[in-house]
Amino acid sequence: PLVSQEVDGFLLMLAVRGRFWYQLPAEVLAPLHVRGGGISRERFAALLAAPDLAAAAGLAVGHAMDALPSGQEPVPALLEALVWSRFRRLANQAFRRGHLGFGAVAGYAGLRRVETANLITVSEGIRLGLPAGAIRARLIPRAHWEPTDV
């Protein structure tokens, strides 16, 4: 599940950033599909053909993200936070259920990766002089789902 999440998160963010941020044509992005995740080539083509970001995000629910927060317009930063939250959940699940097998090792490595991302966020927030609440809002998992960038 962790490897599948990596692939699905990559494909979602590739489609979101490529199509809706950089306005790249779908023909340029379609060959970059990676097998091994829950987002098939057909679903990736649908992500690339989606009319807007909300439609694209809806196609990734259950694959790269668990759910979309209700009442919020999806933006790339929010979607990335949701991808990381799912990754953290899956890593924790693998670690807790692994019982000293490979799952425990993979889950532990995944949890440490999230911890490293959080430590980078904290140190960058301190360097920029952000208040504690603003830094906390950007940690994984997010306490409040708001679009933020660090």
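Colleague: How far apart are the end C-alpha atoms of helix α6, and what span should its residues give?

Modeller: This is a predicted model, by the way. Helix α6 runs over residues 102–128, so at 1.5 Å a residue its 27 residues should span 39 Å. The end C-alpha atoms are 39 Å apart, which agrees.

Colleague: And what comes just after α6?

Modeller: Just after the helix sits G129, with a positive phi of about 75°.

Colleague: Which residues of α6 are buried?

Modeller: A104, G107, G110, L111, V114, N118, T121 and G125 are buried in α6.

Colleague: What does N118 touch?

Modeller: Leaving aside residues up to four places away in sequence, N118 touches L139 and I140.

Colleague: New topic: the largest nonpolar core. Which of its residues touch the most other members?

Modeller: There are 23 residues in that core, and L12, V16, F44, L47, A64, M65 and L79 touch the most other members. The elements giving two or more residues to this core are α1, α3 (41–49), α4 (53–60) and α5. The largest share, seven residues, comes from α1.

Colleague: Pick L47, then. What does L47 touch?

Modeller: Not counting residues up to four places away in sequence, L47 touches L12, A15, F20, I39, A56 and L59.

Colleague: Okay, pockets. What is the volume of the second largest pocket, and what lines it?

Modeller: The second largest pocket has a volume of about 180 Å³. Its lining is made of Q5, E6, G9, F10, M13, R17, E80, V83, W84, F87 and R113. Two elements give two or more residues to that lining, α1 (2–21) and α5 (76–98).

Colleague: Which element gives the most to that lining?

Modeller: That's α1, with six residues.

Colleague: How do the lining residues divide into nonpolar, polar and charged?

Modeller: Five are nonpolar, two are polar and four are charged. W84 and F87 are in this lining, and W84 and F87 also belong to the core of eight residues.

Notes:
Residues numbered from 1 in each chain as written. Predicted model: local features only at pLDDT ≥ 70, side-chain atom pairs only at ≥ 80, totals over all residues. Heavy atoms only, no water. 1 Å grid on protein atoms, 1.4 Å probe; cavity = no way out; pocket = protein on both sides within 12 Å on 5 of 7 lines; lining within 4 Å. Points joined across faces, edges and corners; volume = space filled by probe spheres on them. Helix = DSSP H or I, 4+ residues; strand = E, 2+ residues; numbered from the N terminus. Nonpolar A, V, L, I, M, F, W, Y, C, P; charged D, E, K, R; others polar. Expected span 1.5 Å × (residues − 1). Buried < 20%, exposed > 50% of the residue type's maximum accessible area, 1.4 Å probe, protein only. Contact = heavy atoms within 4.5 Å. Core = buried A, V, L, I, M, F, W, Y, C linked by side-chain atoms within 4.5 Å.
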